[in-house]
Amino acid sequence: MTDERNADGQAADGQGPDDAHVVPEGVSEATVEALGTLSAALEVLEHARGLLYGFHRLTGTADLNLGEAVEQLRKAGHTELAERIDTELVGRNVIDGRWTFQIVEDYDDNYYALAKELEQTARDQLVGGKRHLFEASMKEDRRTPGRRRHEAKPADVSD
């Protein structure tokens, strides 16, 4: 979509992104696109991390439920089965030598932290630390200037 823009690149309605989302002078579209892709990768890692924490919580909850089931089986007179579940499954490592908290810690310390650091380093070196420049540019291309609910930023909203 094309719309009217002034010499500064602002939309004809006088709105535009705030300073935190304006591409610094001399930064190419290719750089902004690459940083957008890097940011998207980090968002996927954030999602994966959330799922990993969900796995950790669900596995822990299941282990507690198994402990309750063991007690209930014992009370119901099924002591041999209860003992087997208690000794073979309750408290068992989910991966050799590891409970889920150890998996989460290893992911956080040895993968996630480096991904966050390198994404931040790329933004710091290439665009002064600015975030979501690709998305801000996309918003400017897609919004309809002057139309309600298409404002560039919250300060541009009028009642």
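Visitor: Which backbone nitrogen does the side chain of Glu151 reach?

Guide: The side chain of Glu151 reaches the backbone nitrogen of Arg149, at 3.1 Å. Before we go on: this is a predicted model, where local features need pLDDT of at least 70 and side-chain atom pairs count only at pLDDT 80 or more, while totals for chains, interfaces and linings use all residues. Residues are numbered from 1 along each chain as its sequence is written, and side-chain values use heavy atoms, with hydrogens and water left out.

Visitor: Where is Glu151, then?

Guide: Glu151 sits in the segment after helix 4, which covers 133-142. Helices here are DSSP runs of H or I with at least four residues, strands are runs of E with at least two, and they are numbered from the N terminus.

Visitor: What does Glu151 touch, apart from neighbours within four places in sequence?

Guide: Glu151 is in contact with Gln15, Lys139, Arg143, Asp156 and Val157. Contact means heavy atoms within 4.5 Å.

Visitor: Back to Arg149: is it buried or exposed?

Guide: Arg149 counts as exposed because its relative accessibility is 64%. Arg149 also has a positive phi of about 75 degrees, although it is not a glycine.

Visitor: And what about the phi of His132?

Guide: His132 has a positive phi of about 55 degrees, and it is not a glycine either. You'll find His132 in the loop between helix 3 and helix 4. With a relative accessible area of 38%, His132 is partly exposed.

Visitor: New topic: how many salt bridges are there?

Guide: A search of the whole structure finds 9. One of them joins Arg49 and Asp108, with the closest N and O atoms 2.7 Å apart. That pair links distant parts of the chain, since Arg49 is in helix 1 and Asp108 is in helix 3, 59 residues apart.

Visitor: Why is Asp108 called buried?

Guide: Because its relative accessible area is 12%.

Visitor: Which side chain meets Glu88 in a salt bridge?

Guide: Arg84 does, at 2.9 Å from N to O. Both lie in helix 2, 4 residues apart, which is about one turn of the helix. Glu88 is partly exposed at 41%, and Arg84 is exposed at 52%.

Visitor: And what does Arg143 pair with?

Guide: Arg143 meets Glu140 in a salt bridge, at 2.9 Å from N to O. Arg143 is buried at 3%, and Glu140 is buried at 8%. Elsewhere, salt bridges that share partners join Glu71, Arg74, Glu83 and Asp86 into one network.

Visitor: Okay, Leu133: buried or exposed?

Guide: Leu133 is buried, with 5% relative accessibility, and its place is in helix 4. Leaving out residues up to four places away in sequence, Leu133 touches Ala20, His21, Val22, Val23, Pro24, Val32 and Val127. The C-alpha atoms of Leu133 and Val32 are 6.5 Å apart, although 101 residues separate the two along the chain.

Visitor: Last one: which side chain has a polar contact with Arg123?

Guide: The side chain of Glu119, at 2.7 Å. A polar contact is a pair of N or O atoms within 3.5 Å; within protein, one must be able to donate a hydrogen and the other to accept it, and residues adjacent in sequence count only if both atoms are side-chain atoms. Arg123 lies in helix 3, residues 100-127, and is buried at 8%.

Technical notes
Buried < 20%, exposed > 50% of the residue type's maximum accessible area, 1.4 Å probe, protein only. Salt bridge = Lys/Arg side-chain N within 4 Å of Asp/Glu carboxyl O.
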